[in-house]
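User: I am new to this structure and would like to learn how to read its features one at a time. Could we go through them together?

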Amino acid sequence: MKTHGDSPLTSTGFSEAYKNEEIIKTASEANGILTKQLMEYLNVKKNPIAVKMAIINNISWDFNCKDNANVWYNYLALNQGYTSKNDFLKKGKDYELL
């Protein structure tokens, strides 16, 4: 799933406001890669949406050798049982589709 876009979610550096959150410190050290630890945090419904958005903002949309959208989909397919990207888009939970 290739996605390209420029939005405030990735082009405005608001994750700085959350720099004291441990998970944002972890995201800062991930070099723009969506790691298993970050995905596990994103996949917990009760975690604050603002912090989840700050994670995404922090890892940014640098596409050079990164495929975070597919990594996220594959993680969800494995852990949530989505059978296809269409299945994911139709049945995905709000916090998974962020």
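User: Which helices do the buried residues of α5 pack against?

Analyst: Bear in mind that this is a predicted model. The buried residues of α5 pack against α3, α4, α6 (85-91) and α7 (94-97). Those buried residues are Asn68, Ala69, Asn70, Trp72, Tyr73, Tyr75 and Leu76.

User: Which residues have the most contacts inside the largest nonpolar core?

Analyst: That core has 19 residues, and those with the most contacts inside it are Ile23, Leu34, Leu38, Ile55 and Trp72. At least two residues of this core come from each of α2, α3 (36-42), α4 (49-59) and α5 (68-80). To take one of these residues, Ile23 is in contact with Gln37, Leu38, Tyr41, Val51 and Ile55 once its neighbours within four places in sequence are left aside.

User: Does Thr26 count as buried or exposed?

Analyst: Thr26, which is found in helix α2, counts as buried because its relative accessibility is 19%, and the cut-off for buried is under 20%. Not counting residues up to four places away in sequence, Thr26 touches Gln37 and Leu38.

User: Where is the place of Lys19, and why does Lys19 count as partly exposed?

Analyst: Lys19 lies in the loop between α1 (8-11) and α2 (22-28), and it counts as partly exposed because its relative accessibility is 46%. Its side chain makes a polar contact with the side chain of Glu16, at 3.2 Å, while beyond its neighbours within four places in sequence, Lys19 is in contact with Ile24 and Lys25. The C-alpha atoms of Lys19 and Val51, which are 32 residues apart along the chain, are separated by 9.9 Å.

User: How is a pair of aromatic rings described, and how many aromatic pairs are there here?

Analyst: In general, such a pair is described by the distance of the centres and the angle of the planes. Here the count comes to three aromatic pairs. In the pair of Tyr82 and Phe88, the ring centres are 5.3 Å apart and the planes lie at 65°, so this pair is edge-to-face. Tyr82 and Phe88 are both buried, and together with Tyr73 they form one aromatic cluster.

Technical notes:
Residues are numbered from 1 along each chain as its sequence is written. This is a predicted model: local features need pLDDT of at least 70, side-chain atom pairs count only at pLDDT 80 or more; totals for chains, interfaces and linings use all residues. Side-chain values use heavy atoms; hydrogens and water are left out. Helices (H or I, at least four residues) and strands (E, at least two) are DSSP runs, numbered from the N terminus. Buried means under 20% relative accessible area, exposed over 50%, partly exposed in between (1.4 Å probe, protein chains only). Contact means heavy atoms within 4.5 Å. A polar contact is a pair of N or O atoms within 3.5 Å; within protein, one must be able to donate a hydrogen and the other to accept it, and residues adjacent in sequence count only if both atoms are side-chain atoms. A nonpolar core is a set of buried Ala, Val, Leu, Ile, Met, Phe, Trp, Tyr and Cys residues joined through side-chain atoms within 4.5 Å. Rings of Phe, Tyr and Trp (its six-membered ring) pair if their centres lie within 6.5 Å; planes under 30 degrees apart count as stacked, over 60 as edge-to-face and the rest as tilted.
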